There are 2 protein chains.
Amino acid sequence: MSEVVEQPAGRRARGGGGAARRAERTAVRVEFARYIERNIPNLEILNEEALEIIEANAETVLEEIGVNFVENPAALALWREAGADVQGERVRIPRGLARELCKTAPSTFTQHARNPERNVVIGGKNLVLAPVYGPPFVRDLAGGRRYATIADFRNFVKLGQMSKYLHHSGGTVCEPTDVPVNKRHLDMLHAHMTLSDKPYMGSVTEPSRAADSVEMSKILFGEQFVDENTVMTSLVNINSPLTFDATMMGALEVYAKANQACIISPFIVGGAMAPVSVAGTLTQVLAEVLAGVAYSQLIRKGAPVIFGAFVTSIDMNSGAPTFGTPEAAQITLGAGQLARRLGLPYRSAGAFCGSKLPDAQAAYETANTLNIGLLSGVNFMLHACGWLEGGLVSSYEKYVMDADQLGTLHRMAAGIDMSANGQAMDAIREVGPGGHYLGCAHTQANFKTAFWKTDLLDYKPFETWEEEGARDTVALAAARVAKMLGDYQPPAIEPGVVEALDEYVAKKKASMPDAFM
Amino acid sequence: MSEVVEQPAGRRARGGGGAARRAERTAVRVEFARYIERNIPNLEILNEEALEIIEANAETVLEEIGVNFVENPAALALWREAGADVQGERVRIPRGLARELCKTAPSTFTQHARNPERNVVIGGKNLVLAPVYGPPFVRDLAGGRRYATIADFRNFVKLGQMSKYLHHSGGTVCEPTDVPVNKRHLDMLHAHMTLSDKPYMGSVTEPSRAADSVEMSKILFGEQFVDENTVMTSLVNINSPLTFDATMMGALEVYAKANQACIISPFIVGGAMAPVSVAGTLTQVLAEVLAGVAYSQLIRKGAPVIFGAFVTSIDMNSGAPTFGTPEAAQITLGAGQLARRLGLPYRSAGAFCGSKLPDAQAAYETANTLNIGLLSGVNFMLHACGWLEGGLVSSYEKYVMDADQLGTLHRMAAGIDMSANGQAMDAIREVGPGGHYLGCAHTQANFKTAFWKTDLLDYKPFETWEEEGARDTVALAAARVAKMLGDYQPPAIEPGVVEALDEYVAKKKASMPDAFM
């Protein structure tokens with residue numbers, strides 16, 4: 001079973017002066033669970049023959065068709081030097097070269113948090129859970145659907161800090177649309193750094209914003225610490241099919257040079273950015289990741305990267321992306337096998353759904369994806385809570401609903417206790433035919449930790465539930481959101497660090513005019 | 001991929017006179033999917049060592065503790081004769097004896113339907129889906145929660161007949177509480193036999209009612225056909241822990257003697273009827289099934305039976321059963337491994353939830369269980385749709401919501417197409433870097449069957465969805481229920497058979513006073 005321990009909300013990596021100690025004494029105690037270490041097998045949906053076919057086809061794609069590195073002469077030069085056939089922006093990679101280059105990428109790395117208790121190890125049998133990323137809208141029961149603001153952003157960071165089963169503060173938990181586009185990243189990073197002590201993601205929307213992320217991290221962790229350690233994992237999408245654009249590659253270059261981690265992630269809506277078939281999509285995903293990871297290692301050998309796969313299918317009637325579908329599940333499982341054979345950490349899955357509301361559709365689709373994510377060997381699950389309406393909306397209620405379900409993944413992953421206590425032969429002997437176990441010694445000794453316990457769902461008798469207002473899950477979740485935001489206290493941080501971050505943000509903002517495009 | 005074909009609603013096994021032919025010509029054409037044949041691996045959560053420990057412990061339970069066969073002297077005599085140590089009602093079974101007796105039970109059997117197109121093969125890599133069983137209440141959006149009636153029962157049978165991904169009509173789809181307890185089974189069987197042409201379950205609430213089930217089946221199928229074939233699969237619960245009551249065993253005896261199938265199923269709320277640990281519960285489940293299946297083979301060697309496991313955990317605060325939990329998932333996976341090692345078909349999982357409403361909680365819990373059921377190697381899934389509120393309620397809306405999700409299991413189970421068309425290399429070549437797949441030849445050739453398609457969920461653009469009333473899943477489901485009941489037409493059946501069934505029911509009802517206990 002995963003370790004769930006109560007910890008004071010404030011603990012810092014660096015120093016900790018009088019103010020930090022005082023904050024620690026008065027802080028709310030919040031529970032947190034360590035990242036998941038799987039003690040159960042993955043589901044291997046593809047056999048050896050199928051895997052070899054896909055791997056061979058991916059090499060054919062790289063060799064025959066190649067990939068485009070757009071508006072990026074430096075990348076083309078690096079590829080040419082590495083032995084690729086470069087014509088215009090097209091890079092054709094000889095069979096085996098990309099896979100060979102990938103070998104210097106670590107199979108496992110540690111992302112540090114400012115509270116070392118919140119460090120995460122990404123790779124191997126581990127699963128790290130991070131919240132929704134990217135929605136321009138938010139929704140809650142009281143206020144409905146509306147454009148997200150920086151106030152919403154801060155609320156979601158606070159919910160993440162208070163969520164026991166969330167190991168990571170994430171990145172763009174929603175788009176703060178009330179802040180100029182060219183300055184948003186500063187406020188977002190500031191929020192993650194000061195309102196949470198969990199690990200976080202950096203900006204990728206421009207190379208200069210990635211550079212700001214590194215600079216602000218140096219303020220938080222100290223310059224030398226950032227030079228020597230990975231303190232950010234950032235999301236670099238591939239412009240599928242087979243295209244690497246200059247913006248995303250620019251961010252990757254900044255991070256790889258600084259030894260900071262990137263998820264290199266094909267962004268696939270099957271039928272639009274990839275073939276309508278599962279094996280075809282897996283082939284393209286593998287080719288894209290091979291090229292992207294290889295490129296990261298051309299930038300800096302040993303730079304930490306993650307094999308990403310964002311995959312959905314499409315509704316052929318409307319063209320809308322669909323979520324929680326069996327085809328997406330098969331791709332998620334197959335890509336996990338390909339990632340493990342490549343020796344790379346794997347990012348996929350999430351609390352995906354297409355539904356407009358946090359209703360039954362949302363929950364079916366989400367549970368389908370979360371369960372398959374666990375069994376696919378995913379090491380880093382972005383969007384693990386809060387995702388609504390195909391990623392257009394960050395939902396307050398769905399955030400806490402999903403975050404509660406994440407507890408089931410922890411327990412499931414822990415596997416089955418086969419100790420003498422787990423075998424419970426004494427209990428079966430004590431109770432015997434026709435008895436009941438409620439009062440037996442084994443039950444008394446184990447009942448507190450025997451079963452996963454929801455913090456949200458309703459198990460009350462019908463009559464009690466009805467008297468209390470016959471609330472559905474969304475209503476229960478709305479109450480939980482209010483309670484968590486009410487209970488929230490910031491984790492302790494040295495005032496000097498906050499002042500330095502404030503100053504950096506203010507100076508940067510003052511250095512350029514607002515831009516909203 | 002599973003075969004989904006359009007079929008006239010009416011096709012009968014026997015004869016088919018002019019009336020049947022006329023009915024056939026005018027019948028609504030309904031789609032149906034064949035039972036699932038898995039082309040993906042199961043998830044093997046227990047390793048060999050763990051399995052051997054549990055199997056050894058189960059033998060110890062049978063040998064040292066034993067099981068009770070209550071108020072059943074004939075059973076005790078059979079056990080004594082077979083070599084068990086019988087003291088009072090306690091039957092202690094020497095190591096290995098029960099497992100040896102189980103060997104005569106078939107690993108696979110066919111349950112015939114009156115329409116042979118609807119026959120199901122239970123066992124092996126197959127999965128047969130049947131609806132909810134047992135709730136005394138129904139709920140729908142318009143009428144709320146209320147006691148179930150025979151009119152509700154008939155509606156649910158009609159929904160089952162119209163549900164593409166449901167292979168089985170089930171049994172007590174709800175309790176018709178307006179019909180006397182001692183006469184309900186007659187009306188329920190009559191409904192399954194006349195309103196559906198899918199396979200069905202018999203009555204188990206008294207041996208005489210099991211006998212009625214056999215007699216009515218003989219009217220439907222012909223006496224000789226029933227003597228020579230299995231036409232019912234009925235649910236025999238074990239009174240866990242370790243107790244076999246006379247009523248359920250009486251039904252088992254009737255069915256086994258008639259070569260009709262039974263699910264022999266421990267009914268476990270973990271912490272009450274079994275230990276709070278997963279391995280302890282698996283041990284007790286295995287011991288109970290070994291004893292029950294062995295007993296079925298003492299009644300008649302070769303009688304078809306299914307290894308059942310109804311498992312939930314308990315909320316230790318309220319004592320309420322909980323569903324969709326990780327502990328239940330682990331038990332479902334482990335019991336599947338134990339069933340396969342015993343060479344028996346396996347029944348477990350279902351659309352389980354504890355929620356009072358078909359809301360997000362219901363859907364999370366249901367999806368958790370459905371997905372694990374597929375990966376556990378379940379061969380017969382009772383309660384695959386319509387289950388609400390811990391089994392107290394059959395929900396109209398949840399029935400069609402769950403039934404839609406069952407389509408995802410079909411597609412998932414079909415595995416990944418590795419043909420040249422599945423590999424889609426031509427598509428990747430045609431589209432190339434930066435293109436899109438919407439119009440390419442491969443997409444055009446495959447898009448109609450490429451993706452599982454919901455009949456219920458909403459994929460519309462936000463604005464359209466809002467204009468159409470911003471409906472949640474329950475509202476969409478209510479509309480689908482109305483449409484399906486409106487479109488329903490009974491499958492063709494010979495009028496003579498219906499008259500004979502009517503006559504049997506009328507005569508039986510007249511032969512005894514009403515009883516409501």
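Visitor: Where in chain A is the place of A:Pro241?

Guide: A:Pro241 sits in the loop between β12 and β13 (243–244) of chain A. Those labels come from DSSP runs numbered from the N terminus: helices are H or I with at least four residues, strands are E with at least two. This is a predicted model, and local features need pLDDT of at least 70, side-chain atom pairs count only at pLDDT 80 or more, while totals for chains, interfaces and linings use all residues. As for bookkeeping, residues count from 1 along each chain as its sequence is written, chains are lettered from A and ligands numbered from 1 in the order in which they are written, and side-chain values use heavy atoms, with hydrogens and water left out.

Visitor: What makes the peptide bond from A:Ser240 to A:Pro241 cis or trans?

Guide: Look at omega: near 5 degrees, and the bond is cis. Chain B has a cis bond joining B:Ser240 and B:Pro241, with omega about 0 degrees. B:Pro241 lies in the loop between β12 and β13 (243–244) of chain B.

Visitor: How do you know that chain A and chain B are in contact, and how many residues take part?

Guide: By distance: contact means heavy atoms within 4.5 Å. On that rule, 113 residues of chain A are in contact with 114 of chain B. The two chains bury about 9,100 Å² between them, 70% of it on carbon and sulfur atoms; that is accessible area (1.4 Å probe) lost on being put together, summed over both parts. On the chain A side, A:Tyr364, A:Phe451 and A:Tyr459 lose the most area to chain B, together 9% of what that side buries.

Visitor: Why is the meeting of B:Asp458 and A:Lys356 called a salt bridge?

Guide: The rule asks for a side-chain nitrogen of Lys or Arg within 4 Å of a carboxyl oxygen of Asp or Glu. Here the N to O distance is 2.4 Å, so the pair qualifies. The count between chain A and chain B is six salt bridges.

Visitor: How do you know that polar contacts cross the interface of chain A and chain B?

Guide: The rule finds 44 residue pairs in polar contact there, both at pLDDT 80 or more. Each is a pair of N or O atoms within 3.5 Å; within protein, one must be able to donate a hydrogen and the other to accept it, and residues adjacent in sequence count only if both atoms are side-chain atoms. Helix α12 (residues 360–375) of chain A gives the most to the side of chain A that touches chain B, with eleven residues. That side has 56 nonpolar, 37 polar and 20 charged residues. Nonpolar means Ala, Val, Leu, Ile, Met, Phe, Trp, Tyr, Cys and Pro; charged means Asp, Glu, Lys and Arg; the others, Gly among them, are polar.

Visitor: What makes the salt bridge of A:Asp187 and A:Lys509 tie parts of chain A together?

Guide: In this pair the closest N and O atoms are 2.8 Å apart. A:Asp187 lies in helix α6 and A:Lys509 in helix α19 (residues 495–510), so the bridge links parts that are 322 residues apart in sequence. Over all chains, the structure holds 52 salt bridges.

Visitor: Why is one space called a pocket and another a cavity?

Guide: On a 1 Å grid over the protein atoms alone, a cavity is a set of points where a 1.4 Å probe fits but cannot get out, and a pocket is an open set with protein on both sides within 12 Å along at least five of seven lines; lining residues have an atom within 4 Å of a point. The largest pocket has a volume of about 760 Å³, that is, the space filled by probe spheres set on points joined across faces, edges and corners. Its lining has 36 residues, with A:Tyr133, A:Gly134, A:Glu175, A:Thr205 and A:Asn237 nearest its centre. The largest share of that lining, five residues, comes from α6 of chain A.

Visitor: And what lines the largest cavity?

Guide: Both chains do: among the lining residues are A:Asn371, A:Met412, B:Gly324 and B:Ile372. The elements giving two or more residues are α12 and α13 (396–413) of chain A together with α11 (326–342) and α12 (360–375) of chain B. By class, the lining has seven nonpolar, five polar and no charged residues.
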